[in-house]
Amino acid sequence: MSTDPILTVSGITKTFPGVTALDNVSFDIRRGEVHALVGENGAGKSTLMKVLAGLHQPDGGQILHRGQPVSVQSPLEARQMGILLIHQELSLSPELSVAENIYLGAWPTNALGVLNKRKLRRDARAALEALGCGFGPDRRVGTLSVAMQQMVEIARSQAFSADVVIFDEPTASLTDTEKDQLFATIRELRGQGVGIVYISHKMDEIFELTDRITVLRDGTVQGTVTTADTDSTAITRMMIGRTLEAYFHKAEIAFGAETLRVEGLGLDGQFDDVSFAVRQGEVLGLYGLVGAGRSEMVETIFGVRRADRGRLIWQGREIPLPTPRQAIDLGMALVPESRKEQGLVLMMGGLDNTTLPHLSSYATATVMDRGREMQVFDRYRKALAIKTTGPDQPVSTLSGGNQQKFVLAKWLCADPRLIILDEPTRGIDVGSKSAIHELIAELAGRGLAVIVISSEMPEVLGVSHRILAMAEGRLVGEFEGDAMTEENLIDAVSHHLANPAAQ
Amino acid sequence: MTTDIGALLRRHGLLLGFGVFLLGVALSADAFLSPGNILDVLRQVSITGVMAVGVTFVVITGRLDLSIGSMLTLLTVIVVDQHNSVGPLLAILITLGAGVLIGAVNGALVGLVGLNALIVTLAMLSFLQGLVLFYSGGSNVNVENAQTTWFAVFGRKSLLGIPVPVLIFLVTAIIGAFVLNRTVFGRQVFATGGNGTASRFSGIATPWVVFWSYVISGLTTAIAAIIMGSRVMGAQNTIGQGYELTVLAGVILGGTSLLGGAGSVWRTVLGITMLGFIQNGLLLLGFPYYVQWLVTWAVIIAAVWIDLGAKRGRILA
Amino acid sequence: MSVRTVVRAKAPGAPTRWLMRNHIWVFLALTFAVFSLSSPYFLTMNNLGNVLTQAAFIGILAIGMTLVMINGEIDLSVGAVLALASALAIGLQDHIGVWPAVMVGFLSGAALGFLNGTLVALSGMHSFIVTLGGLIGIRGLVFIYTGEDALMVTDFSYTEYPEIYLGPVSLTAMIFFALALLFQWVLTSTRHGRETYAVGDNLQAAHDAGINIKRHKIINFTLCGALAAIAGILLSMRLGTAEPNAGKVWELWTIIAVVLGGTRLQGGYGSLWMTIGGVLTLAVLRNGLRLLNTPNYVELMVMGAVLILALAIDKLLSRHEVGR
C-alpha cells in the first residue's frame, strides 16, 4: 500500500437551507486502500459522497484529484475523471444488457451511430472477467439478482479505468455469501491500486475490510485513524461523541397495562414469527440494520401491509388484522420511515397534513370545520415550535426538522394510545432531534405505549426502556436494563442464527 | 420590483392575454360583449363545462378520463330513447343511473384493480361507442313529442332570463367546488393525487377515492347528456365524439395538473369558459370554426408552459 | 433461510418469462384459429393480403408510437399529422408536381413531430398535453388547408403507385414491414435505439451517464411525425382523395395496437416485434369480425374488452417479474 493520495478533499463545506451538512471537511484517499467513511445518519456521509460524485456542488473547499484541483459538475464528469459511485439504489436500466449497462452513455459506435456490438461485448466481457463475475455480457440486467446487478456497476470501474470507487452501504441487501464475493471484488480492486471509499454502518465489515477509517459527526471530520490501531468502541465513541445519559431523557415511571400484544405475525418474504408486547408508558426500541424487516413489520401491524398470519391483542382484546383506517380509529399512530414519501402530502399545507388522518373528527356531516382545524394546527405549531408562515404554506418548502414535526403533529393530535416512530430523527438537524427525543419521553410519561425503530445505536439505547433486536425478518433478542448495551445488540443482529429469538 | 412584475405576469399572464383578446374582439365586433352573446357563449359551454367539473375530480386524483366522449353519446341516446318509451322523469333517472354505473366500472378498473387510467378509459371509449351502436341499432333517435315535453326545459328554456343549461352548469360547479374544497371527500381527493402512499398511511382508502371520483365524472356526464338531449331533442351516434378532448383541454387550460394533487373547479370553469369565448370571438370575427382549434393548440401550450415556468424548480430532461 | 432467498424463490420460470414478453403472439394465434374455423373466407390468400394492407396504415403509425412510448412519452397527434400529410400530398401535386408534393407532405410530418418533441423536451410539459394540443390544432391546420371538403387527385396514375404486389402482399404492407424491421434494427443496434430504452427505463441513470435525453426525445417525436406522414401519403395514394377528417381517432387505435403488443406506457419496455403482433391482432380481429358479418359495434366492444384484458394480463404477469 502506497501512501500516495489519489483524491484529497480539503475544507469542503456544504449548506442546505437550515442545515450545515458538511463543515470544513478534509480527508484523503490513497492508492490501493479501502477507506471507511462512518458516522451516524445525518452526519454528512451521503452529502460528502454526492459532492465527490458531482451530484452536489460544494459551497467552499477544494478537491484534488491526482494532485490537480478539480471541480466535479456532474456524475458524468466524475466518471470521466475516474471517480465512480456505486449507489444504494442501483443506476442500471433493467431492459438493457449487462454490456450496455456497463458502458451506458459511452457505447462504441461507428460514424453513423451503429453500435459496435462485438467490441462492446468483448470489452464488457474483459471487465467482467477482471472481476471474476460468473455471468456473461449479454444477460438482460432485469434478470440478474441484486448482487449480480451490483457487480455490473462495479464492472464500470474496469471499463472506465476508475481510480476512485465509492461504495454506499453496498451490503444492505446482500446475503452472507454474496457479501464475501463483494469483499473479494473490493480487495481485487484494491490490488489494482484503486482508492476505495467504503460507507457502512456495520462495524464488523469495516474492521474486516478497511485500511483506514474517517469518522464524520454533524458534518465535521472527527478524525482519521488506521483500522489496525483502533477498535469498534473507539470508533463508536467518535461517532457519538457525547455521553448518552446527559443527552436523553427517559421517563422513569411504572408501566401500565399491555397496550398491544403481537403474536406470531408473519408476512411472506418479509418477516415471520414476530411476537412481542408493549405496555402503557413504555418506550420499546426496535433495533436492526436496514433491510431487517422492521419497517415492514410495523407497517403490517398498522395495516398498510396485509399480514399472512398472526394475531394482534389490543388492550387485552383480540382484534382482526386492521386496515390503516381501523388502526387509526383504535388509537394507533405510525410515523413512517420516509417523511416525504409516506408521511406528508408535500404540496399541501401544514394544516391539511395535520388533520389528514382524522378528517371526520374535524367535520360536521362530512363538511370540514376550518375553525376547529385551525385550533389544532395552532396548538401543535406552538407545542412543537414548528417554523412555518401559516397553515397553507406547502410543507415541501419547510426544513426536514419542521416537516418531521408536522408528521408528529398529525399523529399526536388524535391522542393515540400507541405511537410507532420509524426512524424519527433521520436526516434532521440536531436541535429538532433532541426535541423529538424529549417528546418521546414526554409521551411515554403521559402513558402512551411507544415503539421506536432506529438504526442509530445511541438513539435506540438512549430512549428505550427495552429493546428488541431484529435481523433478517426475525426477532433475535430482547434486552432490558443493564443488558441494553451496544455489544449485546451488535452481537444479537450479527449472530442471530446461533442465538435464536428469546421470545 | 421587476421580478415581482415578472412573477405577476407569469401567474396571471394567461388571464391578461385573455383580457387583451376579449378587448380586441369587443372593439372589432360590437355584439361580442353584449349580454345576449355572453349568455350564448355560456350556454354553448354548459355541456362541456358540466362534464369538466366531474373530470376535474378524476384529474386531481392523478388519473384521466377519456371515456366521457363516448359516454356522453351513449347517455344522450339513452335519455332520448327512454324519453320516448318511459317518459321524461324516468328517462332522466335511468340516465343518471347509467352514468353512475359506467363511472363505477371505470373506477373499479382504475381505482380498485389498479389498471392504467389512460388505457382503461381509452378501452371504454371504444367499448361505449360500440354500446351506442348496439343500443341505437345504428340509427339516430329523436324525441317524438319535442314541441310539448317539459323535458325541453333543460336545454332550451330560460329562467329569469338566464338559460337553464347555464344555471345547471353554475349549480354543478358550485356543488363541485363545495365538495372539493369543503368536504372530507374533497380533501381525500387532493391527498390521493398529491401523494397516494402518504394518504394510505393516513388511513385514506385511496382506491375508493379514485373509484368515487370516476363515479362523479360519470354523473356529471349524465347531467351533460340530459342537457344535450334536451337541446337537440335527439341524438346521433357520434354526438359526443371529441368532447373528451375539449373537456380535457379546458381542465388543463384551467391549470389543473395532470400529475394530480392540484387544481380547482373554478379554474376549470374559467378554462372551459375561456375556450368558449375564444371560439365565439373567432366566429364573430368571421373566421371559420376550425381556426379555433389552431388557437386552442397555441393557448394550451402557452398556458401550461407559463404555468410550469412559474412553478419550476430544476426539471430534469 | 434468509429473506432474500424467499423472494428469489418466486422468480419466474422460463415459460412464464417467455409468455410475459410474447403473449401477443398467443393472442394472435388464437384469433387466427378462431376465424379460420368460423369463416370460410378468412383463410384465403386474398383476404390475408387484405388484412396486411389494412394493418399497414395503423401499423406505420404504431412504429413511431412505439419509439415514443419506449422513450416514456406518448404522441396523440399522429392521426392529425397523417391527415395533413395526405392533404398536402394531394393538394400540392397540381401545383408543384407529384413527388415534390409528396416530399412536402413528408416534411410537414417530420416538422410537426420535431415541434412536438422540442416542446416536450424544452418545456418539461407532459407529452400528453403537448400532443393533445397538437391533435386539436393540427386538425385545424388540415381544415384551413382543405377547407372542409375532400381533395381529389386529378391524375389517377397517382393511385397506381402502391398497386404493386408480391403474391398477395401489397406494396403498402411491404413498406410497413420494411419500416418495422428497419426501426427494430435501429432499436437494437444503434446508439440512438439503445439509449431510447435507457431513457425510458431509468431516466436518472441515463442522465447521470451523460446521455442527452432531450435529443433522443426530439429525434423520436420527429420520427413519429415522419412515419405518420408516410402513412398519410400511402393512404392518399390508396384512396385518391384526402379527407380533412382522415385518421380521426386513429391515434387511439394506434395506442391500442401498441399497448396490445405489450409495450408499456411507462417507457423502457417494448419492441417492434410486439407492435407488429399487436397491429396484426387488431387487423385480424377487425377483418374476422367483419367477415362474420357481425355488426360494427361488436368490433368496438371486443376491442375495448381485449385491451382491458391485455392490461390485466400484463399486470398479472409483471407482478412476477424480478428487479422492477
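Let me start inside chain A, where nine residues of domain 2 are in contact with nine residues of domain 3; two residues are in contact if their C-beta atoms, placed from the backbone, lie within 7 Å. On the domain 2 side of chain A, the residues that touch domain 3 are six nonpolar, two polar and one charged. Nonpolar here covers Ala, Val, Leu, Ile, Met, Phe, Trp, Tyr, Cys and Pro; Asp, Glu, Lys and Arg count as charged, and the others, Gly among them, as polar.

This is a predicted model, where local features need pLDDT of at least 70, side-chain atom pairs count only at pLDDT 80 or more, and totals for chains, interfaces and linings use all residues. Residues are numbered from 1 along each chain as its sequence is written, while chains are lettered from A and ligands numbered from 1 in the order in which they are written.

Back to chain A. Its domain 1 is 5-242, domain 2 is 245-331 + 416-494, and domain 3 is 349-415; such bounds come from an automatic or database domain assignment. Between the C-alpha centres of domains 2 and 3 of chain A there are 25 Å.

Next, chains B and C. Here 37 residues of chain B are in contact with 42 residues of chain C. α5(B) gives the largest share of the chain B side, 14 residues. Helices are DSSP runs (H or I, at least four residues), numbered from the N terminus. By class, that side of chain B has 32 nonpolar, five polar and no charged residues.

Last, confidence. The model has ipTM 0.83 and pTM 0.86.

Terms used
Helices (H or I, at least four residues) and strands (E, at least two) are DSSP runs, numbered from the N terminus.
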